[in-house]
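The briefing takes the two topics in turn.

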Amino acid sequence: MTNKYFLPLFIRLKLRNVEKVIRYSFRRILIRIPIFFDRPINIILGAALTYQKGWYSTNEQWLDITKESDWLNVFKNKVLIKNIVVEHVLEHLTYSELNLALVNIYKHMLPGARLRIAVPDGYNPNKIYIKNVGINGIGPDASDHKQLLNFDILSKTLLKHRFEVELLEGYISNGDLTTKAYDPLDGYIKRSRSNQANMKNIDSWDFQDAETSLIVDAFKTL
């Protein structure tokens, strides 16, 4: 079989890192424009290389969501955010860091704004799934998972920070699965049962429910 890659792995990794530096730096410049003109915006937190049309992707390198100083540096104390997506990011934080992040997020959201969260589902009944996505999980990018959230923990934490919470997708404590239709224009989630194209991806990770999440919408109260 012919190798589809023409360059050695170490060169491909170096090029990938160069791409990240360039793209992340450009994003930092790009987001300054709507903030300067006080325009309401939609943002993706911890976006890595992902993006959505009409949204501004942010990266930890210049917006660490746990640090108030980073939010101040980017948003200049302005409240401009209409919608936020944070997909498979919060499990990489400790519970204390999660609370710091939620304080910063809430402060910068407009009244009635939406925070769409996707995380691994701690109530998923499949033990192999839990082993892959849990704390120090064995699955891809899971070795540094610091918590495994379920709907009860996540909803109680959000309510503590004055959010209103709606479960869109995921298991509850009795094992029942919720799957509600939702508009991806309000925040696209790749790892979702509603994303059938991704669910059928032949390059998907090789354990059951790998491309699913616990998904909730959290609204800043008016």
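In this predicted model, helix α3, which covers residues 68–75, packs with helix α4, which covers residues 95–108, at an angle of about 25° and with the axes 10 Å apart. Because angles under 35 degrees count as roughly parallel, α3 and α4 are roughly parallel to each other.

**The packing of α3 with α4**

- The crossing in which α3 passes α4 is right-handed.
- On the side of α3, the residues that take part are Glu-68, Trp-71 and Phe-75, and in α4 they meet Asn-104, Ile-105, Lys-107 and His-108.
- Sorted by class, the residues in this contact of α3 with α4 are three nonpolar, two polar and two charged ones.

- Asn-150 belongs to the loop that lies between α5 (127–133) and α6 (151–160).
- Is Asn-150 buried or exposed? Its relative accessibility is 11%, and because buried means under 20% relative accessible area, Asn-150 counts as buried.
- A polar atom of the Asn-150 side chain lies 3.1 Å from the backbone nitrogen of Asp-152, and a polar atom of the Asn-150 side chain also lies 2.8 Å from the backbone nitrogen of Ile-153.
- When the neighbours within four places in sequence are left aside, the residues in contact with Asn-150 are Gly-122, Tyr-123 and Leu-214.

Conventions. Residues are numbered from 1 along each chain as its sequence is written. This is a predicted model: local features need pLDDT of at least 70, side-chain atom pairs count only at pLDDT 80 or more; totals for chains, interfaces and linings use all residues. Side-chain values use heavy atoms; hydrogens and water are left out. Axes are lines fitted to C-alpha atoms, for helices over the stretch in contact, and angles run from 0 to 180 degrees between N-to-C directions. Helices (H or I, at least four residues) and strands (E, at least two) are DSSP runs, numbered from the N terminus. Angles under 35 degrees count as roughly parallel, over 145 as roughly antiparallel, 65 to 115 as roughly perpendicular and the rest as oblique. A crossing is left-handed if the near helix is turned anticlockwise from the far one by less than a right angle, and right-handed if clockwise. Contact means heavy atoms within 4.5 Å. Ala, Val, Leu, Ile, Met, Phe, Trp, Tyr, Cys and Pro count as nonpolar, Asp, Glu, Lys and Arg as charged, and the others, Gly among them, as polar. Buried means under 20% relative accessible area, exposed over 50%, partly exposed in between (1.4 Å probe, protein chains only). A polar contact is a pair of N or O atoms within 3.5 Å; within protein, one must be able to donate a hydrogen and the other to accept it, and residues adjacent in sequence count only if both atoms are side-chain atoms.
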